[in-house]
Amino acid sequence: MGRFDGKVAVITGGASGIGAAAARRFHAEGASVLLADLNLEAGEALAASLGEGRARFRKVDVASWPEVDALVADAVRAFGGLDILFNNAGIGSFANAADLAVEDWRRVIDVDLSSVFYGCKAALPALRARGGGSIINTASISGLAGDFSFAAYNAAKAGVVNLTRSVAIDHARENIRVNAVCPGPVDTPIISGINDLQGVREAWDARVPMGRFARPEEIAAVVAFLASDDASYMTGAILAVDGGVTAHTGQPD
Ligand code: NAD
């Protein structure tokens with residue numbers, strides 16, 4: 001018996017990194033999964049590798065309300081309902097407020113924050129129709145404190161943190177739980193650009209008390225826990241999954 005036998009999960013950003021690891025995990029534990037991503041090739045390949053019966057891919061721009069609304073409708077049509085939504089798609093942004101172009105600010109807020117609102121808005125009626133469900137949002141340690149040259153990303157992820165709390169308390173009595181994970185550095189393509197910079201990878205490894213980046217599967221495991229009945233009394237929780245980064249004041253050793 002899998003924890004998600006008979007359950008239906010929608011995973012945004014499901015073609016890569018944390019979303020792909022979550023797709024494999026939910027599927028392995030019995031769920032039917034609908035992967036959504038801009039990356040058609042990787043998304044279709046992953047869905048095919050999981051097996052057509054319980055895995056599908058749909059190309060979606062999560063910054064578009066009509067596309068996210070249609071995504072949830074697709075899950076209900078294809079698999080008969082929705083039990084779990086993992087709002088995970090995201091993009092990075094590396095500029096301080098003085099240098100950040102207005103259109104870049106808007107795109108980061110749209111992709112990293114408005115998408116989470118769209119996902120919740122689309123999913124809530126479908127979750128109600130099942131008598132409850134679970135939403136997990138990917139925030140970041142960058143939503144809990146500031147970083148150098150991350151103005152838009154810091155703002156968007158902090159928005160995800162408090163949107164999570166707000167949606168959680170509004171819908172707690174409907175048996176709908178809403179939680180967020182705040183990963184520290186994870187080995188995925190989103191940060192390969194930063195990692196390529198001279199010395200950055202080493203500097204990060206030195207800052208993480210556990211001394212290494214996370215594997216995407218280590219974030220997916222916490223997401224699966226939050227989605228499962230093992231977390232049945234958790235809602236509005238903001239979980240750092242960061243190898244100890246946010247446990248540290250920054251005081252040099
Ligand atoms: P990733 O680049 O491997 O995956 C992100 C996925 O989102 C990609 O497949 C990409 O195509 C998709 N995507 C981007 N914009 C989209 C859009 N508009 N519509 C649909 N799909 C879109 O990176 P990841 O690390 O797996 O990122 C997943 C989430 O984790 C993001 O929200 C990211 O901000 C967050 N996060 C990552 C780290 C890290 O160190 N990797 C740390 C903290 C938080």
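1. Start with phenylalanine 150. Setting aside neighbours within four places in sequence, phenylalanine 150 is in contact with Ser93, Phe94 and Ser142. This residue belongs to a model that is predicted. Phenylalanine 150 sits in the loop between β5 and α5. Is phenylalanine 150 buried or exposed? Phenylalanine 150 is buried, because 20 other C-beta atoms lie within 10 Å, and the cut-off for buried is 20 or more. Look also at glycine 92. Phenylalanine 150 and glycine 92 are 58 residues apart along the chain, yet their C-alpha atoms are separated by 8.3 Å.

2. Move to serine 149. Serine 149 is also placed in the loop between β5 (133-138) and α5 (151-171). Its phi is near 60°, a positive value in a residue other than glycine. Most residues other than glycine have a negative phi. Serine 149 counts as partly exposed, because it has 14 C-beta neighbours inside 10 Å.

3. Asparagine 175 has a positive phi too, of about 65°, although it is not a glycine. Where is asparagine 175? Asparagine 175 is in the loop between α5 and β6 (176-183). Its count is 15 C-beta neighbours inside 10 Å, so asparagine 175 is partly exposed.

4. Now the core. The largest nonpolar core has 72 residues. Which of them touch the most other members? They are Ala9, Val10, Val33, Leu35 and Val223. Helix α4 (residues 102-129) gives the most to this core, with ten residues. In soluble globular proteins, nonpolar side chains tend to be buried together.

5. Take valine 33 as a case from that core. Leaving out neighbours within four places in sequence, valine 33 is in contact with Ala9, Ile11, Ala23, Phe26, His27, Leu50, Arg54 and Ala55. Ala9 is also among the core members that touch the most others.

6. Next, the ligand. How many residues are around the ligand? There are 28. Gly13, Ser16, Gly17, Gly90 and Ile190 come nearest. Helix α1 (residues 17-28) supplies the largest share of this shell, with three residues. By class, the shell holds 15 nonpolar, eleven polar and two charged residues.

7. Finish with glycine 250. Glycine 250 lies in the segment after β7 (238-241). Glycine 250 is exposed, because 7 other C-beta atoms lie within 10 Å, and 12 or fewer counts as exposed. Glycine 250 and glycine 211 are 39 residues apart in sequence. In space, they are 14 Å apart, C-alpha to C-alpha.

Methods: Residues numbered from 1 in each chain as written. Predicted model: local features only at pLDDT ≥ 70, side-chain atom pairs only at ≥ 80, totals over all residues. Core = buried A, V, L, I, M, F, W, Y, C linked by C-beta atoms within 7 Å. Helix = DSSP H or I, 4+ residues; strand = E, 2+ residues; numbered from the N terminus. Contact = placed C-beta atoms within 7 Å. Near = placed C-beta within 6 Å. Nonpolar A, V, L, I, M, F, W, Y, C, P; charged D, E, K, R; others polar.
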